[in-house]
Amino acid sequence: VDPERVRIKTETEMRAFGASLVHTIAAGDTVFLYGELGAGKTTLVRGYLEALGHRGPVRSPTFNLVQIFPTEPPVVHVDLYRVKSHEGLGLEDNLDDHVTFVEWADRAAGLIEQDQAWIIKIEFAAEGRVVIVVPAHAAPHS
Ligand SMILES: Nc1ncnc2c1ncn2[C@@H]1O[C@H](COP(=O)(O)OP(=O)(O)OP(=O)(O)O)[C@@H](O)[C@H]1O
Ligand SMILES: [Mg+2]
């Protein structure tokens, strides 16, 4: 599968791009987000949550590490920046019936098979960002 590459000029476009993912990323999907500090990982997740009707703040969950949103489908948002690994956070328990977004996903090795996660990389570009999306190869339950 060729990855999709999208140029994102502004924060507003990043939210809209995140919102557009509700049509393809569903309950049971896990999304590994890669990108440096300030790349726009949380902004993309915010757009996704707003498209599901969430109306409160969406912050980088740096201090509580994990936030769960009671949307439909429910969403788990994790930021692993301050830890070495996802172990001990209980993420496994929610994978099947939530959408799980993981920031700093290099620390989530072993959470699920690498090719069963969606991979979203956000790179800084001359004007804005470039987002690269690689869909999961297989459904988590197959
Ligand atoms: N094209 C763009 N796409 C996304 N964000 C942008 C863009 N241009 C500017 N920004 C700004 O970049 C910042 C992105 O912050 P965000 O919290 O989403 O990054 P992050 O990747 O989650 O960082 P962290 O690793 O610290 O959690 C916001 O302040 C946003 O307004
Ligand atoms: Mg963030």
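**View 1. Polar contacts of ligand 1.** A nitrogen atom of ligand 1 is found 3.3 Å from a polar backbone atom of K9, a polar contact being a pair of N or O atoms within 3.5 Å. An oxygen atom of ligand 1 is 2.9 Å from a polar backbone atom of G40, and an oxygen atom of ligand 1 lies 3.2 Å from a polar side-chain atom of W104. Taken alone, ligand 1 exposes 640 Å², of which the protein buries 74% (Shrake-Rupley method, 1.4 Å probe).

This is a predicted model, in which local features need pLDDT of at least 70 and side-chain atom pairs count only at pLDDT 80 or more, while totals for chains, interfaces and linings use all residues. Residues are numbered from 1 along each chain as its sequence is written, chains are lettered from A and ligands numbered from 1 in the order in which they are written, and side-chain values use heavy atoms, with hydrogens and water left out.

**View 2. The shell around ligand 1.** Of the 18 residues around ligand 1, those that come nearest are E11, K41, T42, T43 and S60 (a residue is near if one of its heavy atoms lies within 4 Å). The shell divides into seven charged, six polar and five nonpolar residues. Helix 1 (11-20) and helix 2 (41-51) each supply at least two residues of this shell (helices are DSSP runs of H or I, at least four residues; strands are runs of E, at least two), and the largest share, three residues, comes from helix 2.

**View 3. The buried face of helix 1.** The buried residues of helix 1 are M14, F17 and G18 (buried means under 20% relative accessible area, with a 1.4 Å probe and protein chains only). Seen down the axis of helix 1, these buried residues fall within an arc of 100 degrees, so they line one face of the helix (the arc is that of the directions from the helix axis to the C-beta atoms). Their cover includes strand 1 (4-8), helix 2, strand 6 (118-125) and strand 7 (128-134) (contact means heavy atoms within 4.5 Å).

Conventions:
Polar contact = N/O pair within 3.5 Å; in protein donor to acceptor, adjacent residues only side chain to side chain. Nonpolar A, V, L, I, M, F, W, Y, C, P; charged D, E, K, R; others polar. Buried < 20%, exposed > 50% of the residue type's maximum accessible area, 1.4 Å probe, protein only.
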